[in-house]
Amino acid sequence: MRRMLMPAALVALVIVVSVGRPSAQQHDGARLSALKQEVSKDVESRYEAVQQMLDMVFSFGELGYQEVETSKYLSGILEKSGFKVERNIGGLPTGWVARWGSGRPVIALGSDIDGIPQGSQKPGVAYHSPIVEGAPGHGEGHNSGVPLNITAAVATKRLMEREHLSGTLVVWPGVAEELLGGKAFFVRAGVFKDVDVVLFAHVSDNFSVAWGSPKNSTGLISIQYDFQGEPAHAGAAPWRGRSALDAVELMDVGWNFRREHLRVSQRSHYVIPNGGYQPNVVPEKASTWYYLREIDYPHIKELRETADRIAQGAALMTDTKVTSHIMGSAWPQHFNKPVAEAEAANIVAVGMPKWDGADVTLAKGIQKELNQKQDGLVTKPLGLQDDVPLDQNMGGGSDDIGDVSWNAPTILLRYPANIPNLPGHHWANAISMATPIAYKGTIAGATAQAMTVLDLLLRPDLIEAAKAFFREQTKDQKYEPMIGPTDMPALDLNKYVMDTYRPEMRKYYFDPTRYKTYMQQLGIQYPTVRP
Ligand SMILES: [Zn+2]
């Protein structure tokens, strides 16, 4: 069973608009609720299309900047649905923007599309079982968000045509979100310049929308320090060498000592993408790559300055040289209250999907497998999440939708297509993403999203309120891009990994001409759990 707009909620809506003498606004209210009911039925009817899109993108499993098949496929669907697609946005070969309609309001629907390294996993299986060992996959659930927005956009477009509603729909992908490497370039390319409202969607195990600064969220700068030393025979003449790897290690050690004296809200982590070639050659080049997270922009800048000084210290200690370059960035998120309230009302009206026994068995199976509480799936939507004051924000993850949220009124819809109590960025977060859990959760999310688009199209007061809130938000704090005017996306990242695994992964791309679902193609019994 899939979920429809709750009759009780509808009745309430109708009562609200029909009491007393009907004014023009009340007529509009009745029209709006009738259209919402219609759009929710329309979205319901697209279950099979949603299933196919999720299965297809899941099977591509592409990493950031390498979302070649994903982008071709999703933008192709929009083109076939009458949208005009512009490609290669902001210097991103996998970046595109699809537009349909005319005039105001301009509503932009976005969601991320990239996968996770080593995330390959068979859907519907509650233990680690990769499709291709070592390959990337959708261990974050980014295969579902653009399909959600496409579904909402296509269903709304049909009503807009029939009802002659003014407005422009813009569908766009979050490229390389895991690298925080796409949205600042979209902003710089002017994608959001004329946009009235941005509705962003991200997978979750719950159904909610936040306004202001969300709980446990940060912004970040992704920055790589490249050290340049002097090579030498490490056995015969080590005194002639200057090790870039020594500098990397000293920088990392320095950062780890400094960590104790940083604010509690910071989060920082690094990897060493280049530590030299082999032990008998003093490493001439070495690099360390940091994500520096804080809860507001001034503190992100401060962290970066601290890291710069530690890097210089490491270079001084080793007689090497250091340069740095920005690999990505994300402003702390700040979402629009009036639009979030509208989306929250729609979330409550739609309600959670109806999970069946198989869905709950899969959820409990993976929770047991990972020694977590066996809560199954969420049955009550979280709804509206209020702003968390900065002094209560204890830090957490980032999303470069933050950059967008300082350039146009923006909200983030979280829809229930995943399982609670999982670690995130993990193969376990992939297991639901090509199963009925994700299909139903995406339908629920698309319904709320489509209803919110209708709110924006039919309620000029909502657009005005959104703009007033945004003006207030940006009164003192103005957006300053962390990327410089000539910084370009690090497009080579992940290229090697995809080149290595793609030939094998290609054998497992979903073939909807031969199979109804991806699980069927892989011969998976749903759900598969340990006995
Ligand atoms: Zn994500």
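Q: How many residues does helix α10 have, and what span is expected at 1.5 Å a residue?
A: The expected span of a helix is 1.5 Å times one less than its number of residues. Helices (H or I, at least four residues) and strands (E, at least two) are DSSP runs, numbered from the N terminus. In this predicted model, local features need pLDDT of at least 70, side-chain atom pairs count only at pLDDT 80 or more, and totals for chains, interfaces and linings use all residues. Residues are numbered from 1 along each chain as its sequence is written. Helix α10 (residues 357-369) has 13 residues, and its first and last C-alpha atoms are 18 Å apart, close to the expected 18 Å.

Q: Which residues of α10 are buried, and against what do they pack?
A: A residue is buried if 20 or more other C-beta atoms lie within 10 Å of its own, exposed if 12 or fewer, and partly exposed in between, with C-beta atoms placed from the backbone. In α10, the buried residues are Asp359, Leu362, Ala363, Lys364, Gly365, Ile366 and Gln367. They pack against α12, where contact between two residues requires C-beta atoms, placed from the backbone, within 7 Å.

Q: How many residues of α12 are buried?
A: In α12, 22 of the 23 residues are buried, so this helix is largely enclosed by the rest of the structure. Helix α12 covers residues 436-458, and its end C-alpha atoms are 33 Å apart, in agreement with the 33 Å that its 23 residues should span at 1.5 Å a residue.

Q: What is the strand order of the open sheet?
A: Two strands pair if DSSP finds at least two bridges between them. Here four strands form an open sheet in the order β8-β9-β7-β10, with antiparallel pairing. At the edges stand β8 (267-274) and β10 (321-330), each of which pairs on one side only. From one strand to the next, the twist averages 20°. Strand β7 (residues 219-228) is joined to β10 by nine bridges, and Gln224 stands opposite His325 in β10.

Q: Which strands does helix α8 touch, and what angle does its direction make with that of β7?
A: Axes are lines fitted to C-alpha atoms, for helices over the stretch in contact, and angles run from 0 to 180 degrees between N-to-C directions. Helix α8 (residues 297-318) packs on the sheet and touches β7, β8, β9 and β10; its direction makes about 15° with that of β7.

Q: What domains does the assignment give?
A: Domain bounds come from an automatic or database domain assignment. For this protein, that assignment gives domain 1 (7-211 + 332-349 + 387-522) and domain 2 (219-327). The C-alpha centres of the two domains lie 36 Å apart, and 15 residues of domain 1 are in contact with 14 residues of domain 2.

Q: Where are the peptide bonds that are cis, and which residues have a positive phi?
A: Most residues other than glycine have a negative phi, and most peptide bonds are trans. A cis bond joins Arg104 and Pro105, with omega about -5°; Pro105 is placed in the loop between β2 (96-102) and β3 (106-112). Another cis bond joins Tyr526 and Pro527, with omega about -10°. For Asn88, phi is near 65°, and Asn88 is exposed, with 11 other C-beta atoms within 10 Å. For Asn421, phi is near 70°, and Asn421 counts as partly exposed, with 16 C-beta neighbours inside 10 Å.
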